[in-house]
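Here is a brief report on one protein model.

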Amino acid sequence: MTGEAWRDELARRQEELVRALVGGGELPGGFVARDVGATRDALLRKRAGEVARVWPLLAASAGPGRWAAEFGAWAAGRPPQGSLRDGWDYARAHPPTGAAALELAERELLWSYDSSSAPRPRRGLGLRRVGGVFLVRWRGRVHRW
């Protein structure tokens, strides 16, 4: 095998492994399923922790010690999109209540996000009601009443 063919083959195998670890792809030949599964679980826990840092109220809403498992079950097979987008997509799939609902509403007042491209800042005045709380976006900040 030539140097270029070897590099192409290595790149293909690495892509298959990454797909199996974070994208829901099938296990490539030559790897031990138990080891790849353990690595996948560790990456999902790490990803859940990163999302919890960006979405603390959403993570807390899962209940004590449940966030990593709940988020991991949802995220398995979904490629990472970054902590902000992963949390946003999770929140839309599992509509939060209480303080986590306010956290999501504030993000949606400040940012425009269509679930496929990067969030973009919103401009101008915005208003939203969550429960008994009114949220107003004014000059790039959210105010509560």
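## Overall dimensions

The protein has a radius of gyration of 20 Å, whereas a compact globule of 145 residues would have one near 15 Å. That radius is taken over C-alpha atoms, and the globule rule is 2.2 Å times the number of residues to the power 0.38. Along the principal axes, the C-alpha trace spans about 65 × 35 × 20 Å.

## Basis of the model

This is a predicted model: local features need pLDDT of at least 70, side-chain atom pairs count only at pLDDT 80 or more, and totals for chains, interfaces and linings use all residues. Residues are numbered from 1 along each chain as its sequence is written, and side-chain values use heavy atoms, with hydrogens and water left out.

## Burial

Of the 145 residues, 31% are buried (under 20% relative accessible area, 1.4 Å probe, protein chains only).

## Fold order

The protein contains six helices and five strands. These are DSSP runs, numbered from the N terminus: helices are H or I of at least four residues, strands E of at least two. The pattern along the sequence is α-α-α-α-α-α-β-β-β-β-β.

## The sheet

Three strands form an open sheet in the order β3-β4-β5, with antiparallel pairing (pairing needs at least two DSSP bridges). β3 (126–130) and β5 are at the edges with a single partner strand each, so one side of each has no neighbour in the sheet.

β4 (residues 133–138) pairs with β5 (residues 141–144) over four bridges, in the antiparallel sense. W138 stands opposite R141 in β5. The two strands β4 and β5 make a hairpin with two residues between them. In that turn, R139 has a positive phi of about 55 degrees.

Technical notes:
Buried < 20%, exposed > 50% of the residue type's maximum accessible area, 1.4 Å probe, protein only.
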